[in-house]
Amino acid sequence: MIPAADALRAIALAGQGQNVSEIARDLGHDRKTIRIYLNGHRAPGQPRQHADSFAPFAAYVRQRAADDPHLRSMGLHREAAALGYAGSYSAFTRELRGHGITVSCGTCRDWKPVPPSRGQERSPGPLPFRTAPVTGETIASYLARAAAASSLPIEAVTRCLPPWFAARAGGCDDLAVTGQPQPPDIRHLAALTGTTETALRHALPSLAAGGRPPVRAVFSCSRCSARHGQRSPVPVHVPAYQRVCCRHRTWLGRTMQIDVTAVPDIAAAGRKASRLARNYGVGRFVLAETTARQGTIGKPEALRRAASLALAVPGLDPGHPDAAEAAAYPQTIKVAAAFLRTPGALPGGPE
Ligand SMILES: [Zn+2]
Ligand SMILES: [Zn+2]
């Protein structure tokens, strides 16, 4: 863009009958730029990208729709708007359709709000075996594991708890905002599973108050869940920026987990990503990451890393989308950091 004053002057000169070449020469800008303002394609002072343009947000929205299918179009629109997308909700849903972005989880069961408990539930004695929650675990998974640890059907456990738990365990969206559990409900659960309220609140995102956080629905790092004696995958919600378990150097892909020990840059980039998300906010970081990735996937540096991964992990297809994303990750985060530092590099930020 050119300074607003120059654009206004160009329009005034055109009004006085000067042609594009004369104006361009007078103001020291090229003719193409002057024409954009004279044709009204851009208002003086307006940045190059129209604020309601979907294009700069497309990669972000595509990723968020895949990462948290329960956000739905409303939640996606809210997130994009917070990042500077100025289009209306109906314009947004048109863009989703146009870009072929699906926003439903496909296996969703409805969440039915339940009336608040009246304290008539059986006061639960502790289950014979204590079950510690895995960080980020869904309520349905936690209750199922607690029941299984004591060789009980899940109904035997939900029957002892306020109705909120049975409803949430039967629904699909673990983070639906309606009807948050009350402190006595969480106390009930802690008494039953032999844990503490603090541990439960800390580990289970659906017990936290304060709206839907930006998360990805994935399976817990297999080595993290093994620490809880858990061999089968545990469904969890992790912060939206988290792609890798840095402790176990495990890539948390969409369809598989990859041991990335052979390429230490990947876990290092994961630590850098969490620092950037802390400094710039999760939303802006993910916008930077998804924008950066468009230029890093499949590039020579990423292909080299993919080959190293494939050599170290038997059976890994270096062309698998999760492997390609992991291999490009160090470069992606480097470019994302540069975008975040550079004013005007991302939409909606400071010019
Ligand atoms: Zn669902
Ligand atoms: Zn781990």
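Visitor: Is the crossing of α15 and α16 right-handed or left-handed?

Guide: The crossing of α15 and α16 is right-handed. Please bear in mind throughout that the model is predicted.

Visitor: Why does T332 count as buried?

Guide: T332 belongs to helix α16. The criterion for buried is under 20% relative accessible area. T332 has 1% relative accessibility, so T332 counts as buried. Setting aside residues up to four places away in sequence, T332 touches E289, A292, R293 and T296.

Visitor: Why are α5 and α6 called roughly perpendicular to each other?

Guide: Helix α5 (residues 72-82) packs with helix α6 (residues 89-98) at an angle of about 110°, with the axes 10 Å apart. The term roughly perpendicular applies from 65 to 115 degrees. The angle of about 110° lies in that range, so α5 and α6 are roughly perpendicular.

Visitor: Which residues of α5 and α6 meet, and what are their classes?

Guide: S73, M74, L76, H77 and A80 in α5 meet Y89, F92, T93 and L96 in α6. The contact of α5 with α6 has six nonpolar, three polar and no charged residues.

Visitor: Which residues of α6 are buried, and what covers them?

Guide: The buried residues of α6 are A91, F92, T93 and L96. Their cover includes α4 (58-67) and α5. Just after α6, G100 has a positive phi of about 65°.

Visitor: What values describe the packing of α1 and α2?

Guide: Helix α1 (residues 4-15) and helix α2 (residues 20-27) pack at an angle of about 145°, with their axes 10 Å apart. The crossing of α1 and α2 is right-handed. In α1 the contact involves D6, R9, A10, L13 and A14, and in α2 it involves I23, D26 and L27. The residues of this contact of α1 with α2 comprise five nonpolar, no polar and three charged.

Visitor: Why is V157 called buried?

Guide: V157 is found in helix α8 (residues 154-158). The relative accessible area of V157 is 1%, and the criterion is under 20%, so V157 is buried.

Visitor: Which residues does V157 touch, and how far is its C-alpha atom from that of L192?

Guide: Not counting residues up to four places away in sequence, V157 touches L127, L143, A147 and L192. V157 and L192 are 35 residues apart along the chain, and their C-alpha atoms are separated by 8.3 Å.

Visitor: Where does Q230 lie, and why is Q230 called buried?

Guide: Q230 lies in the loop between α12 (222-226) and β2 (235-239). With a relative accessible area of 15%, Q230 is under the 20% limit and is therefore buried. Leaving aside neighbours within four places in sequence, Q230 is in contact with R145 and S225.

Visitor: What can be said of the protein chain as a whole?

Guide: The secondary structure of the protein chain comes to 16 helices and five strands. Of the 351 residues, 43% count as buried. Among contacts in the protein chain with a separation of 6 or more, 67% come from residues 24 or more positions apart. Along the principal axes, the C-alpha atoms fill a box of roughly 90 × 55 × 30 Å.

Visitor: Which domains does the assignment give, and how many Å separate the centres of domain 1 and domain 2?

Guide: The domain assignment gives domain 1 (4-38), domain 2 (55-98) and domain 3 (241-341). Taken over C-alpha atoms, the centres of domain 1 and domain 2 are separated by 37 Å.

Methods: Residues are numbered from 1 along each chain as its sequence is written. Chains are lettered from A and ligands numbered from 1 in the order in which they are written. This is a predicted model: local features need pLDDT of at least 70, side-chain atom pairs count only at pLDDT 80 or more; totals for chains, interfaces and linings use all residues. Side-chain values use heavy atoms; hydrogens and water are left out. Axes are lines fitted to C-alpha atoms, for helices over the stretch in contact, and angles run from 0 to 180 degrees between N-to-C directions. Helices (H or I, at least four residues) and strands (E, at least two) are DSSP runs, numbered from the N terminus. A crossing is left-handed if the near helix is turned anticlockwise from the far one by less than a right angle, and right-handed if clockwise. Contact means heavy atoms within 4.5 Å. Ala, Val, Leu, Ile, Met, Phe, Trp, Tyr, Cys and Pro count as nonpolar, Asp, Glu, Lys and Arg as charged, and the others, Gly among them, as polar. Domain bounds come from an automatic or database domain assignment. Buried means under 20% relative accessible area, exposed over 50%, partly exposed in between (1.4 Å probe, protein chains only). Angles under 35 degrees count as roughly parallel, over 145 as roughly antiparallel, 65 to 115 as roughly perpendicular and the rest as oblique.
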